[in-house]
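Reader: I would like to learn how to read the salt bridges, the helices and the core of a model such as this one. Could we go through them one at a time, beginning with the general idea in each case?

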Amino acid sequence: ADPSDKSMEVMRKFSEQFCRKSDTYFCVDKSVTAVVIKGLADHRDTLGAPLCPCRHYDDKEAEAKQGFWNCPCVPMRERKECHCMLFLTPDNDFAGKEQTITLDEIREVTSNM
Amino acid sequence: EVALKSDSSTGFDSSSSSPPEEDEELKKNLEKVGCKVKVKSPLKVYHVPKLPEVELTPDMVGVIKQYVGFWKGKYISPNYPFKVEYRIDVPDRGSVKLVVHLKEEEFEIIAE
């Protein structure tokens with residue numbers, strides 16, 4: 001099932017705000033951004049927390065409750081390391097120039113997934 | 001490989017956080033809590049309130065406060081599992097507490 005509209009909007013907004021706050025940018029390929037935001041929204045619905053969608057976990061519930069990999073994860077907060085390529089520092093080769101993404105952009109990319 | 005589950009049949013209470021006796025590596029990691037450490041090479045962090053960035057350097061001493069790879073009886077997968085506390089001097093603010101997560105390869109223990 002697709003994530004709820006509510007979670008999609010919450011995670012979209014959060015991503016834009018955190019980009020500005022951390023001085024990072026979305027990927028030059030916005031489909032990367034869209035897929036990660038959708039994954040975060042899905043985890044927000046199913047686990048109650050935006051657990052990073054780009055990793056494998058043996059115990060998702062425990063991970064979501066403990067919080068290390070809840071977005072923004074500890075490596076992102078402390079070191080600006082985001083292996084998902086959702087938040088890219090300006091010196092990253094894949095960093096675009098944008099800190100915004102619309103719900104339509106996300107839907108367009110992820111509609112066939 | 002054996003999956004270690006916390007349930008009453010193995011003598012573990014799922015609500016407790018006591019580690020499985022047979023996991024030597026976990027035991028070693030938990031024993032590092034309380035140790036004084038220093039980073040092997042400089043590390044910039046960006047999460048200290050009101051400071052754009054702070055660089056941890058090998059001359060600064062921190063203390064391991066927690067190992068977070070095992071949490072409430074469950075294994076989890078932090079890539080920087082050691083929570084280390086530093087105190088840094090900030091002009092006009094005095095001594096400020098700074099907590100940073102490190103992985104084993106990034107620090108050396110200088111005292112137990």
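Author: A salt bridge is counted where a side-chain nitrogen of Lys or Arg comes within 4 Å of a carboxyl oxygen of Asp or Glu. In this predicted model, the side chains of K30(A) and E105(A) form such a pair, at 3.0 Å from N to O. The two residues belong to distant parts of the chain, K30(A) to helix α2 and E105(A) to helix α5 of chain A, 75 residues apart.

Reader: Is K30(A) buried or exposed, and how does E105(A) count?

Author: Buried means under 20% relative accessible area and exposed over 50%. K30(A), with 14%, is therefore buried, whereas E105(A), at 28%, counts as partly exposed.

Reader: How should the length of helix α2(A) be checked?

Author: At 1.5 Å a residue, its 18 residues should span 26 Å, and the end C-alpha atoms are 25 Å apart, which agrees. The buried residues of α2(A) include T33(A), V36(A), I37(A) and L40(A), and among the elements that cover its buried residues are α1, α3 and α5 of chain A. Just after the helix, G48(A) takes a positive phi of about 85 degrees.

Reader: Which residues have the most contacts inside the largest nonpolar core?

Author: They are W69(A), L86(A) and F87(A), in a core of 28 residues, to which α1, α2 and α4 of chain A each give two or more residues. Leaving aside residues up to four places away in sequence, W69(A) touches, among others, P50(A), Y57(A) and H83(A), together with S77(B), P78(B) and N79(B) of chain B.

Reader: Where does pLDDT stay under 50 in chain B?

Author: Where pLDDT is low, the predicted coordinates should not be read in detail. In chain B, which averages a pLDDT of 87, the values stay under 50 over residues 1-15. For the complex, the predictor gives an ipTM of 0.93 and a pTM of 0.89.

Definitions and conventions. Residues numbered from 1 in each chain as written. Chains lettered and ligands numbered in written order. Predicted model: local features only at pLDDT ≥ 70, side-chain atom pairs only at ≥ 80, totals over all residues. Heavy atoms only, no water. Core = buried A, V, L, I, M, F, W, Y, C linked by side-chain atoms within 4.5 Å. Buried < 20%, exposed > 50% of the residue type's maximum accessible area, 1.4 Å probe, protein only. Helix = DSSP H or I, 4+ residues; strand = E, 2+ residues; numbered from the N terminus. Contact = heavy atoms within 4.5 Å. Expected span 1.5 Å × (residues − 1). pLDDT = per-residue confidence, 0-100.
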